[in-house]
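Here is a note for a colleague who is opening this structure for the first time. Please read it with the model on screen.

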Amino acid sequence: MHTHEPVDSHRPDRDISPVSNDAAREKFKAYLATKGLRVTNQRLAIFEAAFARTDHFTAEELLDHARAIDDSVSRATVYRTLPIMTESALLREVDIGKNLKYYHPNPDNNAQVAQVICLDCDKIFEISAPFMEWYGSTVSSKLGLTPVSQRLQVSAHCNTLRDTGVCKHRATA
């Protein structure tokens, strides 16, 4: 099993990699062009900040990281750019409820991922789920439909927290 960790808001510099994915950057620029949108320094800073992450992040955390690259990045530009990046499949959006969405880079355009969300600490695990495409196609075709998108999200409680009273994933104050 492969997991990705959510952002630890107490340590915003955690899990940052220094390089962006060149192919993903070119895909972003091409997608902007197809939408008739300009490639701006602010949008590129948002892209760079997002693709430097190896963990899940919120829009506000992305804003902080993008401003570290280009201090002229506005909150509005981040909130307008995130839907563009999710529509183009460059980012995966994870809605855990609680009026909070997380995002994760998707440089390989891999949509076959199941998310398991810990209800105790909001940690997001992502697990490869290659069966999803087959299942979605099979179920849809039986109904005379063609799948457009799908997601598998499991909400769970931490067994370690239940057994010991301590969750190793929960941020300590």
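Buried means under 20% relative accessible area and exposed over 50%, with partly exposed in between (1.4 Å probe, protein chains only). The model is predicted: local features need pLDDT of at least 70, side-chain atom pairs count only at pLDDT 80 or more, and totals for chains, interfaces and linings use all residues. Residues are numbered from 1 along each chain as its sequence is written, and side-chain values use heavy atoms, with hydrogens and water left out.

1. **Overall layout.** The protein has six helices and five strands. Helices (H or I, at least four residues) and strands (E, at least two) are DSSP runs, numbered from the N terminus. Read from the N terminus, the order is α-α-α-α-β-β-β-β-α-β-α. The protein has 173 residues, and 39% of them count as buried. Take the contacts (heavy atoms within 4.5 Å) between residues at least 6 apart in sequence: 56% of them join residues at least 24 apart.

2. **Helix α1.** Helix α1 has 13 residues. From first C-alpha to last it reaches 19 Å, close to the 18 Å expected at 1.5 Å a residue. The expected span is 1.5 Å times one less than the number of residues. Which residues of α1 are buried? They are Ala24, Arg25, Phe28, Tyr31 and Leu32. Seen down the axis of α1, these buried residues fall within an arc of 125°, so they line one face of the helix. The arc is that of the directions from the helix axis to the C-beta atoms. On the other side of α1, Asp22, Ala23, Ala33 and Thr34 are exposed. Just after α1 comes glycine 36, with a positive phi of about 75°.

3. **What covers α1.** The cover over the buried residues of α1 includes α2 (41-52) and α4. Helix α1 (residues 22-34) packs with helix α4 (residues 75-87) at an angle of about 105°, and their axes are 10 Å apart. That makes α1 roughly perpendicular to α4. Angles under 35 degrees count as roughly parallel, over 145 as roughly antiparallel, 65 to 115 as roughly perpendicular and the rest as oblique. Axes are lines fitted to C-alpha atoms, for helices over the stretch in contact, and angles run from 0 to 180 degrees between N-to-C directions. On the α1 side, Phe28, Tyr31 and Leu32 make the contact. On the α4 side, Thr81, Ile84, Met85 and Glu87 do.

4. **Alanine 68.** This residue is found in helix α3 (residues 59-69). Is alanine 68 buried or exposed? At 67% relative accessibility, alanine 68 counts as exposed. Alanine 45 is 23 residues from alanine 68 in sequence, and the two are 8.8 Å apart in space, C-alpha to C-alpha.

5. Strands of a sheet pair through backbone hydrogen bonds, either parallel or antiparallel. Two strands pair here if DSSP finds at least two bridges between them. Strand β1 (residues 91-95) and strand β2 (residues 101-105) run antiparallel, joined by five bridges. Leucine 91 has proline 105 of β2 as its bridge partner. Arginine 92 stands opposite histidine 104 in β2. The two strands form a hairpin with five residues between them. In the turn, glycine 97 has a positive phi of about 80°. Strand β2 is mostly covered, with four of its five residues buried.

6. **The three-stranded sheet.** In what order do the strands of the open sheet run? The order is β4-β3-β5, and the pairing is mixed. The edge strands, β4 (124-128) and β5 (152-156), each pair on one side only. From one strand to the next, the twist averages 20°. Strand β3 (residues 113-118) pairs with β4 in the antiparallel sense over five bridges. Glutamine 115 stands opposite glutamate 126 in β4.

7. Helix α5 (residues 131-142) has twelve residues. Its first and last C-alpha are 17 Å apart, close to the 16 Å expected at 1.5 Å a residue. The buried residues of α5 are Met132, Gly136 and Ser140. Seen down the axis of α5, they fall within an arc of 50°, so they line one face of the helix. These buried residues pack against β3 and β5. The face turned away carries the exposed residues Trp134, Tyr135 and Lys142. Just after α5, glycine 144 takes a positive phi of about 75°.
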